[in-house]
Amino acid sequence: MSSREEILGRVRAALHRNAGNAAAAREVMMAALANRRPGPQPAVASEPRALLERFRLKSEQASSTVDIVASDAEVPADIAKYLAAMKLPTTAVAWASLAALDWAGAGLKVETRGARDADLVGITGCFCAVAETGTLMMTSSPDTPAAVSLLPETHIAVVRAARIVPYMEDAWNLARAELGSLPRAVNFISGPSRTGDIEQTIVLGAHGPYRVHLVIVEG
Amino acid sequence: MEIKSMRFKANSEASLANVVLQGNLKNAKGKFVTKRAEAIKEIDDFEGTRDAAAAIRNKVIDNLDLWLERFETRAQETGATVMWARDGAEVCRLVTEIARKHGVTKVTKSKSMLSEEAGLNQALEAAGIQPVETDLGEYILQVNDNEPPSHIIAPAVHKSLDDVADLFHKVHGTPRKTEIPALTREAREVLRGHFLTAEMGLSGGNFLIAETGSVALVTNEGNGRMVTTMPKVHVVITGIEKVIPTLEDLSTLMRLLPRSATGQSISNYFSILTGVKKPEEHDGPEHLYFVLVDSGRADVVGGEFHEMLRCIRCGACMNHCPVYQTIGGHAYGWVYPGPMGSVLTPLYAGIENSIDLPHAATLCNQCGVVCPVKIPLPDLLRKLREKQTEAGLRPLTERIGLRVWAWVAQRPALYGLGARFGARYLKWLAGEDKSIRLLPTAPEWTRGRDFPAPQGKTFRELYAARQKSTKGSA
């Protein structure tokens with residue numbers, strides 16, 4: 001007997017499975033799968049300004065820095081200002097979806113491609129953002145490779161204010177509506193990578209970025 | 001992993017006598033407890049959320065066969081291969097075969113307690129494949145001669161900064177560093193090279209999602225993302241009980257898991273991985289395997305310990321356990337320490353191999369109170385004690401003692417007399433100190449503390465006197 005059959009057989013025997021109760025149990029299962037009702041959620045105000053403020057506050061609590069700009073056109077200059085203030089390089093790798101911005105005009109050299117180990121700054125957008133926990137939702141695709149938010153020591157993300165949703169459950173509904181099925185990787189990111197494995201002392205920059213900077217675009 | 005739970009008493013005595021370990025444990029326990037208490041305040045309806053989480057886990061476990069088939073079908077539709085392993089030996093065989101098939105020479109690993117159960121690292125090494133632990137805590141232990149973890153969330157919690165400084169200096173051959181950020185940076189630089197060159201990434205799975213055929217992975221360091229993004233092969237090893245229905249259910253459980261584990265509102269990274277990379281994508285594995293492991297779990301389904309299968313491995317029970325806080329994780333002798341370990345080890349590694357574990361608890365129910373999925377841990381420990389007694393596994397003196405006690409307790413007059421005599425005897429033994437320095441019948445108990453002596457009359461005497469006086473005044 002295969003391991004699969006043996007394991008499932010033991011589970012079935014333990015649950016007294018037979019054709020009769022299988023049909024009923026399957027119906028319960030299908031109902032559970034179709035159920036899109038969220039469980040208990042903490043209160044999050046859904047008015048746009050309040051969502052943005054909550055997202056900003058929670059992101060800062062997770063050790064990210066946050067700037068707010070009025071339009072896409074202001075994004076490159078804000079990032080250039082941040083990199084200069086942090087004494088970081090002006091060369092970066094970015095998602096192809098951000099190729100249209102005028103990076104050169106802000107004095108930045110930005111290549112749109114997958115990330116390499118030597119890249120020090122990675123610039124991404126995000127699929128949406130969750131206000132409850134100050135979290136970015138990244139969905140992988142050829143234009144939005146996962147490693148750009150992972151390999152570089154500095155991760156900068158452009159977040160559209162209109163894409164800030166109250167809860168993770170809202171993010172799933174957006175993904176179902178806009179993407180149909182889930183992409184290979186959905187990565188939720190809340191601040192820079194960290195570890196507390198030595199004496200429970202939190203250190204930023206374990207294997208991923210040391211710092212995360214968010215540029216929220218209001219327009 | 002070798003089962004050393006039979007040596008619980010000797011292990012815990014050694015832990016109690018270890019001054020460095022006692023310091024490290026004391027340092028850690030406050031942080032875990034305080035941070036969790038702060039984090040759960042953010043949840044308006046914490047009890048309601050716990051109830052919802054327990055219901056989600058029950059829904060699957062009550063019909064686990066159907067949910068497993070459902071998950072398997074969905075995962076296969078996404079392009080993943082689903083395999084099944086009866087035990088640790090089969091896990092080792094399957095993973096080694098996968099590695100050989102894809103010409104793998106190095107495997108980077110994100111934390112997987114099941115691979116500890118199976119002793120997978122040793123099996124890979126024997127097959128000439130290099131396993132590299134990438135969770136900082138697990139890495140510290142691996143380079144320290146494959147030392148076992150002492151906590152499921154913070155594997156190296158028993159190690160001090162000095163321990164790690166000495167170890168890295170020795171293993172990496174670098175100047176000795178004394179700052180935690182510098183040590184973390186050193187590990188990052190060593191491990192980055194491994195992330196980029198390993199052909200296979202291996203992870204556990206926090207949850208398997210039946211709706212989408214995905215695995216959910218929770219990490220803070222980003223190593224979980226690395227091992228599932230950079231290598232061409234990704235293998236997920238999880239227990240068969242890890243299935244949950246939908247993404248909404250995942251969101252509910254994620255409100256509890258990081259808060260209960262590390263006191264965070266959410267972990268830094270939380271990945272939902274579905275299928276393999278498309279040809280035009282820049283990163284992600286070309287091959288995805290799920291190894292669904294039984295290792296004793298199927299025998300727990302539908303039985304009197306089935307509630308244990310709800311466990312989401314947060315570690316809150318051990319963080320709040322006065323016994324764990326005092327002796328640390330190694331004393332428990334297998335993969336899982338603390339209250340959840342004292343239930344799981346007898347169930348998965350054999351009740352006869354872990355005689356003392358169900359007794360390594362004060363039944364204070366701190367674990368039951370903090371458990372995010374409401375597992376009645378003290379009840380399960382008590383049931384295991386009953387099982388041991390039924391199976392004749394307890395020492396003869398204890399069995400006779402309990403039988404004598406039961407006989408006396410069923411005879412109220414005799415019991416009253418015995419209690420009166422006992423109380424007077426203990427009071428006499430204490431003399432003027434009102435506490436006993438050495439109990440003749442239980443010298444172990446008084447080795448670390450004094451036994452408070454009963455003062456005055458027994459409860460039954462006081463109750464009788466009170467009944468009399470109430471009647472008199474009526």
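Which residues are buried in helix α1 (residues 8–17) of chain B? The structure is a predicted model, in which local features need pLDDT of at least 70, side-chain atom pairs count only at pLDDT 80 or more, and totals for chains, interfaces and linings use all residues. Residues are numbered from 1 along each chain as its sequence is written, and chains are lettered from A in the order in which they are written.

In this helix, B:Phe8, B:Ser12 and B:Ser15 are buried (20 or more other C-beta atoms within 10 Å of the residue's own, with C-beta atoms placed from the backbone; exposed, 12 or fewer; partly exposed, in between). Viewed down the axis of α1(B), the buried residues fall within an arc of 55 degrees, so they line one face of the helix; the arc is that of the directions from the helix axis to the C-beta atoms. An α-helix has 3.6 residues a turn, so residues three or four places apart point the same way. B:Ala10 and B:Ala17, on the other side of α1(B), are exposed. The buried residues of α1(B) pack against α2 (19–40) and α14 (322–327) of chain B.

The contact between the chains involves 59 residues from chain A and 80 residues from chain B (C-beta atoms, placed from the backbone, within 7 Å). On the side of chain A that touches chain B, α1(A) gives the largest share, 9 residues. β9(A) pairs with strand β9 (residues 269–273) of chain B in the antiparallel sense over 5 bridges (pairing requires at least two DSSP bridges; helices, H or I of at least four residues, and strands, E of at least two, are DSSP runs numbered from the N terminus). Here A:Ala185 stands opposite B:Leu273 in β9(B).

Terms used:
Two residues are in contact if their C-beta atoms, placed from the backbone, lie within 7 Å.
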